[in-house]
Amino acid sequence: MHPSPWQTVTVSIAPDPTLIRARAGIFGIFGINGFLLAMWVVHIPSIEHRVGISHSTLSSLLLLLAVGAIAGMQLSGPLADRFGSRKMVLLAGTALSAAVLGPGFATNAWQLGAALVAFGFANGALDVSMNSQAVEAEQLYRRPIMSAFHGMFSVGGVVGSVVGAATLKLDVAPSVTLTAASLVGFVAVAICSRPLLPRIEHHSDPTAAEQPHGHFSAKVLALGALAFVLMLAEGVANDWSALQVKEGLGVSDAVAALSFGAFSAMMTIGRFTADRISAALGPVAVVRYGAMISSVGMLTVVLSGWLPLTLFGWALFGAGLSGCIPQIFTTAGNLGSGSAGTNMSRVVGLGYIGFLAGPATIGWATQIVPLTTAMLIPLVCVLVAALFAGVVRRDSSTTHRDHS
């Protein structure tokens, strides 16, 4: 087994207060991103009903959200390289806080479509810029801290889901709830962006020639492909886990929902523990063994006819996936010199396409085979990820950077 690259650069000096505050700010940004995204998701049924559109129309409009997100990702990466990720986090976070208002006030399909393009664009831009900021903080910490940021995103999502569900139960109009969420977003982004790391000067890097700025390098494509298969598997769990349990085991909607709860809970817990594992064993081990654990979980789901064992399988699937994507993003952010944001945008973009493709692929597959059998698709994906986990291996050397 290859030693962890972090083991050769770990220092005993505690991070300075400025870096600690920056880390806290990044935690807050990830959390508010998860919160705002969840506030939109929980209001989808009520907004669909108020606007008066069909499920098929909503599906088409959600594609507009995806297109906006991919566009935001591709634009924000180069801008983060040029102006610094802190400025992009502030701009994108502020834009997302404003954009969450759009769906709440839309009265027809055209307005909702425009609102979703804006929301997707801002969310994609924030996704790339906050991950770029997280990579810079991790470089200065000299140890893995990326997975915990993604864990905070999950926590924000849980908080948003609970708040949204509570307001819906109280019959609060979506426009009112999303206005409140928008105000929370504006305040949180303003506060959390202040201590973020300023733009960093990138000194010459001997690997920079291998990562040409403005072009897809082989490494970026490999990381993007790995992100694609892993996020495809995650997308399948998000959209099909509950239905798989309902159809496969013949249980109620409420009981079936426990499968997604088990998956998401273990994803959250795993993200807060993956950094320690990465520090001890290295990023390749996190991806390889995590993907193997996920494969065991999905195989359990496919073969099980007993509810507790099926729920255990979905939980295991989430636990294994939890630490994989942060390792890929960190590796992408450490490629080359001065192009971290651009590389990040491409890897995140390819992963996001996989996240969208997963649920659609399963839907097509169910025209041929039962839903539970179609779960062999994410099983193959995580096995492929385990086989090619070496893609996330990083140079043990660390590029030294100074704040401008």
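Modeller: Quick definition before we start: a helix axis here is a line fitted to C-alpha atoms, over the stretch in contact. Keep in mind that this is a predicted model.

Colleague: Okay, at roughly what angle do the axes of helix H1 and helix H7 cross?

Modeller: Find residues 17-42 for H1 and residues 146-169 for H7. Their crossing is right-handed, and the contact residues divide into 15 nonpolar, 9 polar and 1 charged. The two axes come within 6 Å and cross at roughly 40°.

Colleague: Which residue does Glu234 meet in a salt bridge?

Modeller: Glu234 sits in helix H9, and its partner is 37 residues away in helix H10. Both residues of the pair are buried. The N to O distance is 3.8 Å, and the partner is Arg271.

Colleague: And Asp253, is that one buried or exposed?

Modeller: Asp253 forms a salt bridge with Lys246, with the closest N and O atoms 2.7 Å apart. Lys246 counts as partly exposed at 35% relative accessibility. The cut-off for exposed is over 50%. Asp253 has a relative accessible area of 51%, so it counts as exposed.

Note on methods. Residues are numbered from 1 along each chain as its sequence is written. This is a predicted model: local features need pLDDT of at least 70, side-chain atom pairs count only at pLDDT 80 or more; totals for chains, interfaces and linings use all residues. Side-chain values use heavy atoms; hydrogens and water are left out. Axes are lines fitted to C-alpha atoms, for helices over the stretch in contact, and angles run from 0 to 180 degrees between N-to-C directions. Helices (H or I, at least four residues) and strands (E, at least two) are DSSP runs, numbered from the N terminus. A crossing is left-handed if the near helix is turned anticlockwise from the far one by less than a right angle, and right-handed if clockwise. Ala, Val, Leu, Ile, Met, Phe, Trp, Tyr, Cys and Pro count as nonpolar, Asp, Glu, Lys and Arg as charged, and the others, Gly among them, as polar. A salt bridge is a side-chain nitrogen of Lys or Arg within 4 Å of a carboxyl oxygen of Asp or Glu. Buried means under 20% relative accessible area, exposed over 50%, partly exposed in between (1.4 Å probe, protein chains only).
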